[in-house]
Amino acid sequence: MTAQPSGQRYSPDGRFWWDGTGWRPVDAAPPAPAPGQPGQAWSPPPFGHAPAAANPSGAGRPPGAAGPSGLPGPGLPGTAFPSPRGAVPRRPSKAGFLLALVGTLVATAVLGGLVGGIAGMVTTEPPGNDSAPQFAAEFPTAQRQYMAGVTLAVVAEDWMKKSNSWVCTDATTPETSERSRKTMECRPPDDDEREMYVTIEYDADDKIKLVSGRCRAGLKSKPCTTLAASLADAVLSPQGDQLRRQAEKWATENADSERVTTIGGIRLEASLDPHGMTATPGV
């Protein structure tokens with residue numbers, strides 16, 4: 001170890017000495033004083049105190065002495081943080097993140113489609129029958145839009161003309177043609193105000209879609225009740241006396257209501273406004 005000048009200031013542990021500009025290990029020889037300057041003309045600050053022009057980073061403090069905010073002084077091995085190596089890491093950009101996300105989604109979709117295709121090829125087809133089942137007996141067909149057994153002769157000729165002497169005329173209009181091909185209206189010969197009338201909508205003489213009776217004589221009046229009962233009797237007459245009497249009885253009891261029933265596949269509907277009875281297919 002090189003001997004140090006005897007006039008130098010040393011650190012408390014004796015391992016460093018002050019050379020006028022900074023603390024040096026004791027094994028390093030002190031620099032020679034500059035020409036024209038006395039070697040010991042300036043004395044170091046007390047140990048642990050930085051000189052007035054001390055370096056903010058800690059130069060001028062003896063190694064091991066506390067620096068600003070209690071940080072260790074420079075110079076002691078293991079006490080200084082190493083400088084980072086390489087470039088400073090940057091925060092990933094949004095564009096890069098979106099590209100990575102889109103790439104992941106595309107890869108997932110392709111992989112899913114591939115797996116699904118393979119599964120579809122290797123999956124066994126479930127057993128089945130290529131032929132369609134037969135329709136049930138009660139399934140509605142085109143013929144079901146007409147009242148069973150009811151014909152124009154039964155309603156217009158037998159009931160309206162022969163039994164009651166009513167007059168029937170063609171009443172087809174563009175509006176009624178949207179529902180059926182032809183429309184007929186029957187009413188008493190002396191009823192110019194149309195207090196009572198019966199409407200028949202049909203596509204042919206044996207394809208009757210609707211028979212509707214209307215009465216303006218008032219609720220619970222005998223003419224209106226008789227019209228409702230006789231209409232129900234007429235449309236059920238082709239199906240026998242039992243259903244005929246059942247329909248007539250129901251219409252008599254419910255002529256002044258808004259009830260509905262189905263007898264023999266024919267739907268009977270009572271109404272109050274307008275007051276009357278309507279028969280249609282009970283599909």
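K162 is exposed, with a relative accessible area of 64%. Here buried means under 20% relative accessible area, exposed means over 50%, and partly exposed lies in between (1.4 Å probe, protein chains only). The model is predicted: local features need pLDDT of at least 70, side-chain atom pairs count only at pLDDT 80 or more, and totals for chains, interfaces and linings use all residues. Residues are numbered from 1 along each chain as its sequence is written, and side-chain values use heavy atoms, with hydrogens and water left out.

## Salt bridges

K162 has a charged partner. Its side chain meets that of D158 in a salt bridge, at 3.7 Å from N to O. The term means a side-chain nitrogen of Lys or Arg within 4 Å of a carboxyl oxygen of Asp or Glu. Side chains of opposite charge can pair when their charged atoms come close. D158 is partly exposed, at 35% relative accessible area. K162 and D158 are 4 residues apart in helix α2, so about one helical turn separates them. Helices (H or I, at least four residues) and strands (E, at least two) are DSSP runs, numbered from the N terminus.

How many salt bridges does the structure hold? The count is 9. Three of them are set out here.

| Salt bridge | N to O distance |
|---|---|
| K162 and D158 | 3.7 Å |
| R179 and E201 | 2.7 Å |
| R244 and D233 | 2.7 Å |

Take R179 and E201, whose closest N and O atoms are 2.7 Å apart. R179 lies in the loop between α3 (174-177) and β5, while E201 lies in strand β6, so the pair ties together parts that are 22 residues apart in sequence. R179 is partly exposed, with a relative accessible area of 42%. E201 is buried, at 7%.

Now take R244 and D233, again with a closest N to O distance of 2.7 Å. R244 belongs to helix α5 and D233 to helix α4 (residues 222-236), so this pair links parts that are 11 residues apart in sequence. R244 counts as partly exposed, at 30% relative accessibility. D233 counts as buried, at 17%.

## The sheet of 7 strands

What is the strand order in the open sheet of 7 strands? The order is β4-β5-β6-β7-β10-β9-β8, and the pairing is antiparallel. Two strands pair if DSSP finds at least two bridges between them. At the edges are β4 (167-170) and β8 (260-263), each pairing on one side only. From one strand to the next, the twist averages 20 degrees. For such angles, axes are lines fitted to C-alpha atoms, for helices over the stretch in contact, and the values run from 0 to 180 degrees between N-to-C directions.

Strands β9 (residues 266-272) and β10 (residues 275-281) run antiparallel and are joined by 7 bridges. I266 has P281 as its bridge partner in β10.

Helices pack on this sheet. Helix α2 (residues 152-164) touches β4, β5 (182-187), β6 (196-204) and β7 (207-215). The direction of α2 makes about 155 degrees with that of β6. Helix α5 (residues 241-254) touches β8, β9 and β10, and its direction makes about 175 degrees with that of β8. Contact means heavy atoms within 4.5 Å.

Strand β6 also holds T199. T199 is buried, with a relative accessible area of 16%. Leaving out residues up to four places away in sequence, T199 touches T183, M184, E185, L210, V211 and S212.

The charged end of R194 sits over the ring of Y197, 4.0 Å from the ring centre. The cut-offs are NZ of Lys or CZ of Arg within 6 Å of the ring centre and within 35 degrees of the ring normal.

## The sheet of 3 strands

Another open sheet has 3 strands, in the order β1-β2-β3, with antiparallel pairing. β1 (9-10) and β3 (23-25) are at the edges with a single partner strand each, so one side of each has no neighbour in the sheet. Two strands here, β1 and β2 (residues 16-18), run antiparallel and are joined by 2 bridges. R9 has W18 as its bridge partner in β2.

W18 also takes part in an aromatic pair. The structure holds 1 such pair. Rings of Phe, Tyr and Trp (its six-membered ring) pair if their centres lie within 6.5 Å; planes under 30 degrees apart count as stacked, over 60 as edge-to-face and the rest as tilted. W18 is buried at 3% relative accessibility. W23 is buried too, with a relative accessible area of 11%.
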